[in-house]
Amino acid sequence: NPGREEKYKPLTGKDQLVIEYLEHYQEVESFKRHVYALIDSSVDNYRKRKFDHFMVSFGCTGGQHRSVYFAECLAQHLVSRYDDIEVVLRHTNQ
């Protein structure tokens, strides 16, 4: 948890230092792969069923490091995978 280390406290999951910190851990990449698989499956299912809206939320202890990082990564993944959907990204605790 980067929020527990002084040098990361004023930063967010958008900052390169935090990104590098998180990506140092193999568990982060594994978590992202699982999230992408789950969300891709859900988006594909929603599209087949003609739904217009789908929401994903992330949370973490402080709400500014890990959750922001994973939300940013997922948004990039969705934009790169689906060229015909609108991705709206909103952080509420920054």
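Begin by selecting Glu 23, a residue that is partly exposed, with a relative accessible area of 45%; here buried means under 20% relative accessible area, exposed means over 50%, and partly exposed lies in between, with a 1.4 Å probe and protein chains only. The residues are numbered from 1 along each chain as its sequence is written, and this is a predicted model, in which local features need pLDDT of at least 70 and side-chain atom pairs count only at pLDDT 80 or more, while totals for chains, interfaces and linings use all residues. Side-chain values use heavy atoms, with hydrogens and water left out.

Side chains of opposite charge can pair when their charged atoms come close. Lys 32 is buried, with a relative accessible area of 8%. If you also select Glu 29, you will have a network of salt bridges that links Glu 23, Glu 29 and Lys 32.

Next, select Arg 81 and Asp 44, whose side chains meet in a salt bridge with a distance of 3.7 Å from N to O. This pair links distant parts of the chain, for Arg 81 is in helix α3 (residues 66–81) and Asp 44 is in helix α2 (residues 26–48), 37 residues apart; helices (H or I, at least four residues) are DSSP runs, numbered from the N terminus. Arg 81 is partly exposed, with a relative accessible area of 44%, and Asp 44 is also partly exposed, at 26%.

Then move to Glu 6 and Lys 9, which form a salt bridge whose closest N and O atoms are 3.0 Å apart. Glu 6 is exposed, with a relative accessible area of 61%, whereas Lys 9 is partly exposed, at 39%. The structure holds six salt bridges.

How many disulfides does a search of the whole structure find? The search finds zero, where a disulfide is a pair of cysteine sulfur atoms within 2.5 Å. Cys 60 is partly exposed, with a relative accessible area of 22%, while Cys 73 is buried, at 11%.

Conventions
A salt bridge is a side-chain nitrogen of Lys or Arg within 4 Å of a carboxyl oxygen of Asp or Glu. Helices (H or I, at least four residues) and strands (E, at least two) are DSSP runs, numbered from the N terminus.
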